[in-house]
Amino acid sequence: MGDALADAHPHLIEVSEVKLAYLARRVLFLLVVIWVASTITFFIPRISPKNPIRERFAELARTGGFSPQDMEKIVAAYNAKFGLDKPVVQQYFDYMGGILRGDLGVSLNKFPKTVWELIMEALPWTIVLIVTTTILSFIIGNIVGAVSAWPKSPSWVRTLSIPFILLQGVHPYLLGLLMIFFIAFRLKLLPLSGAYSVGIQPELSLSFLLDAARHQILPALSLILASVGGWALAMRGMGVTIQGEDYVNFAEHKGLKQNTIFSSYYVRNALLPQVTGLALAFGSIITAGVLVETLYGLPGLGSVLSAAINSNDFMVIYGIVLFIVVGVAVMMLVVDLVYPLLDPRIRYETK
Amino acid sequence: MTQTQQQPVLRVIDLQVTYYTDSGRVRALDGASFTLNPVEKMGLVGESGSGKSTMALAMMRMIKPPGRIEGGKVIVDDVDLTQLSDSDMRKARLSRISYIPQGAMNSLNPVLRIEAQMRDAIKAHVPEMSGSEVQQRIGEALESVDLNRNVARMYPHELSGGMKQRVCIAIGILLKPKLIIADEPTSALDVVTQRQVMETLDRVQKQLGAAIILIGHDMGLMAQFVDKVAVMYAGRLTEISTVKQMFTTPMHPYAIALIDSLPTLENKGVFKGIPGLAPALLRLPPGCAFHPRCPFAMDICRTEVPALEEKAGRLVSCHLYDKNGNRVHQPGEAVLQR
Amino acid sequence: MSATITSPAAGAPAVPAPFQQPPRRVLVARYLRRNKSLGVGIAIVIFLTLFTIIGSVTIDTAKKAYPLAVKTKQPPSAQFPLGTDWYGRDLLAAMVRGLWQTAVIGFLAGAAATALGVVLGFISAYYGGAVDKTITGICQVLQPIPPFLIQVIIAGSIDKRSVTIYTMALIVFLLSWMGPTLVIRAQVLSMKERMFVNVAKLSGMTNLEIIFKELLPNLLPFIAASFVSAVFGAIFASFGLSVLGLGPMREPLIGNIIYYSLQQSAFFNGWWWWPLWPMLTLILIFSALTLINIGMDEIANPRVRRTE
């Protein structure tokens, strides 16, 4: 009749078996996602007539003065070298093979830099921005949402949360523009753009880090303000559902203080489903990050991607998209694994 | 009515609850009054929408907007709950008057262990109690509802429906209240578990010496468990009698019809309902709310709301009876056989 | 008076005076007043629609919204209420036309995504089995792939001259149908479980009848909510694309105007009015849609309702 767990031991073995199978399924799923993403991104830029090598050399030719025939010969030579003269399908398989070996190829526009090098150079800037933004907007957004849906919150708090929620609608680019204009330009409080002040050498010193941090404030703020609303709205909806639950009602019947009910009964239960949204939020912040990086001139993955798209440097495009999708996929896996630790109902799936 | 030597533990005086909806005002509870003595068990019956749950919520002061308690008193042991400050009322809940919810399926916090949910209830009222004392209390409460002490370490989803209901009862008695309201505690349970739960309630009540109001619509359950029965209709109390009186000589026509509709061993297969429908509370008929469906309706019933008065040893609100409890007949009326 | 229990007493009034529900209009108005989000959101949308329609009729936007139509770099004045830009667009005309085009993209992509979502979600949930698994599988696999990235790549690869507002709508649509599909599917699944579908089947309704008479009416709030979200997402995405310079660059789309203004360093040159109107308009659009979204939340989730 579903009675008490008499003996935990045989049960634990069941659970870990199930967990392993579950893990395997999730990993497989993510591999499929990565494969689909890379396939899609592989074929799309090929529609464009632009040849990145030609672009690069055209640039050089403008300044250096190659003759057109010479340039064509060079371009043809490089095409052959990179295998760009082979049929597209062949290139696809070559590329996929390369990925399995961990070889992301070489940037066509910025040759001889490899795609991997470009990514690694840009990554630190992006990671710092994305991670801090995701965490901060999660915390702030969920608090705002929880509080705004709680009828016993003081009304000034609830009115204040409305603009936050509305901000969700505004594009981070727009927010960024407004902030650049008012805070950086008019008020001159924070730097206009760039990752660090002109003239300073990037190094691992405190003064550099502080300077870099100062430059991150506006971009981070744009992203946070734009994402907070999303969390707040979702949390508000969740909060309202949880409020209507019998156990919240019963908590009041038990004579618990409002603060206790708020934290242990309301927020704890409403927050759980929100955690599952973290991975996708991560993904959407990355995409918003691309725009914000362009706006603020930050040398992160977004800017590199932007430049690559403009010159149709498809190797770089593939590499970065692949990297981002893997990042999101890994986040999803992490969230999947962490969630059962938080929700006791999921732990004993076998039951 | 039973002679009260002691003070009644509960006196409800003229309790009124109104809901302000988009479509108009709804009188969910219209001047309910009754008393309850210590260790007495009262059953509150009525159809859905008759006001029984509203009564319970009003007593706990848990009526939420768009509802409001418009007036009346709820006096538990000399303390009028309606006059208490919010924070005092909070303290009164569970300690003076406790509520065992309907459908305990979802009444327990899914992410907390049972002991955590019991501990927070205790701590909210007696913060100075030591950890070991709290553990002791929890253990005792669980035992008195016939549950193993190690249930405390479990999560709600690991328990069966009957166990969850008993946990809710255990929580309801943690602070030894003088008055317990059990709102349809057995509706969602199978018959066997029902009996278990009712026996638990019975035992618990005796141990505590508390009064119980049992809300429900299962007359059979009432007959077995309570001392007196209160029947509600359209937000008003129609009759409050002892169990014996209610089941053998009900007076109010609605109560009569209710008892009449109960299947007996003899009339198997023949069921009598009450013709007509309960009125929507938005459009209550004038006068007595039951008069459109009442076989004894008189002219006065259509205009004047009958008051709940003591007649023939019980409380009944009906124009049909005079001060002595005799029926006011019209000539030619058939006398009802009982 | 009769004495039998089974018939109501003769002479009693048959039924109390019938209760009058206030007329529909009044109930809707009362509701909008309570659901302020929805009310304000709809009001803004109406305002914007009027602005566009009246503007389209009174101004020659086909000419004035494009470069070299009027004097350049003029601040707002009586002749040019919103000023003009570096390229010689009359910004008022540009706003009117741009708003219209943005709306077209939003509605086309949004409607298409919602429609596809409804159809796929429905088929998936109703028929179940392999069809369900395929459709759900595709949606789930596409979900973690950031759609904007793909849209940027697509937009970046297409020949710039062939990008029109309709191609933009298509690009946006291609990656936004998965959300509505999953939402509708979830709803239909939960409805399938519920008794009323079984009852309908038992009472002899054909599948088609069940779909149209029972399921669709209950789905409407969710379809509406998905539609609003889809339109919002479409406008959001199209703005992102155009502000990167990947849209139909000749058109006075809001994102395009901002893009150009940044290219010409409008802020620093003191032409503050140039980026201002597009930003304001966009904020209005986003706020309106968000408000409507929040408002619709209430309808789909009745517990959100507040009453005084």
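A nonpolar surface patch of about 570 Å² is formed by A:Ile127, A:Val131, A:Ile135, A:Leu136, A:Ile139, A:Ile140 and A:Ile143. Patches consist of residues with over 30% relative accessible area and no salt bridge, with nonpolar side chains (Val, Leu, Ile, Met, Phe, Trp, Tyr) joined within 5 Å and like charges within 9 Å. Accessible areas follow the Shrake-Rupley method with a 1.4 Å probe, and for residues only the protein chains shown count as cover. A:Ile139 belongs to helix α5 (residues 115–149) of chain A; helices are DSSP runs of H or I with at least four residues, and strands are E runs of at least two, numbered from the N terminus. A:Ile139 counts as partly exposed because its relative accessibility is 43%, the class between buried (under 20%) and exposed (over 50%).

The model is predicted: local features need pLDDT of at least 70, side-chain atom pairs count only at pLDDT 80 or more, and totals for chains, interfaces and linings use all residues. Residues are numbered from 1 along each chain as its sequence is written, chains are lettered from A in the order in which they are written, and side-chain values use heavy atoms, without hydrogens and water.

Chain C and chain A bury about 4,100 Å² between them, 80% of it from carbon and sulfur atoms; buried area is the accessible area that two parts lose on being put together, summed over both. Contact means heavy atoms within 4.5 Å.

| Chain | Residues in the contact |
|---|---|
| Chain C | 38 residues |
| Chain A | 50 residues |

Key:
A salt bridge is a side-chain nitrogen of Lys or Arg within 4 Å of a carboxyl oxygen of Asp or Glu. Buried means under 20% relative accessible area, exposed over 50%, partly exposed in between (1.4 Å probe, protein chains only). Buried area is the accessible area (1.4 Å probe) that two parts lose on being put together, summed over both.
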